[in-house]
Amino acid sequence: FRDQVQSWIQKLSSVSEVVEQWTVVQSLWIYMEAVFLSGDMAKQLPQDAKRFAGVDKSYMRLTARAFETPNVILICHGSGTMRETLP
């Protein structure tokens, strides 16, 4: 029983850390999206805008994967975890 409890503590701790990271990334992404989707900045910083477009595409795939996997432990602690993907 003790092993099961420790396993759940580890899983839930991992979920907590990933959700905290996700919140930070989401806040930064929202800010950057507003900056680079305005045509003015994209024209002034074309290489950065192109780089953001790649990051945006990856972020959208990540959020789609999270949406398609309703089990938070599976998405945050399973194989190919968000922990490995988020910065």
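The radius of gyration used here is taken over C-alpha atoms, and the globule rule is 2.2 Å times the number of residues to the power 0.38. By that rule, a compact globule of 87 residues would have a radius near 12 Å, but the protein has 17 Å. The structure is a predicted model, in which local features need pLDDT of at least 70, side-chain atom pairs count only at pLDDT 80 or more, and totals for chains, interfaces and linings use all residues. Residues are numbered from 1 along each chain as its sequence is written, and side-chain values use heavy atoms, with hydrogens and water left out.

Along the principal axes, the C-alpha atoms fill a box of roughly 60 × 20 × 15 Å. Five helices and zero strands make up the secondary structure, with helices (H or I, at least four residues) and strands (E, at least two) being DSSP runs numbered from the N terminus. The order of elements from the N terminus is accordingly α-α-α-α-α. Among contacts (heavy atoms within 4.5 Å) between residues at least 6 apart in sequence, 59% join residues at least 24 apart.

Helix α1 covers residues 2-37. Its 36 residues should span 52 Å at 1.5 Å a residue, and the end C-alpha atoms are 51 Å apart, which agrees; the expected span is 1.5 Å times one less than the number of residues. Helix α3, residues 46-68, has 23 residues and reaches 33 Å from its first C-alpha to its last, close to the 33 Å expected.

Turning to burial, buried means under 20% relative accessible area and exposed over 50%, with partly exposed in between (1.4 Å probe, protein chains only). Buried residues make up 23% of the 87 residues. In α1 they are S14, V15, V18, W22, V25, W29, V35 and F36. An α-helix has 3.6 residues a turn, so residues three or four places apart point the same way. V18 counts as buried because its relative accessibility is 2%. Between V18 and L45, 27 residues apart in sequence, the C-alpha to C-alpha distance is 31 Å. In α3, the buried residues are A49, F52, Y59 and L62.

The accessible surface, from the Shrake-Rupley method with a 1.4 Å probe and, for residues, only the protein chains shown as cover, comes to about 6,600 Å², of which 60% belongs to carbon and sulfur atoms. F1, in the segment before α1, counts as exposed at 79% relative accessibility. Together with V5 and I9, F1 forms a nonpolar surface patch with about 360 Å² of accessible area.

Terms used:
Patch = residues over 30% accessible without salt bridge, like charges linked within 9 Å, V, L, I, M, F, W, Y side chains within 5 Å. Salt bridge = Lys/Arg side-chain N within 4 Å of Asp/Glu carboxyl O.
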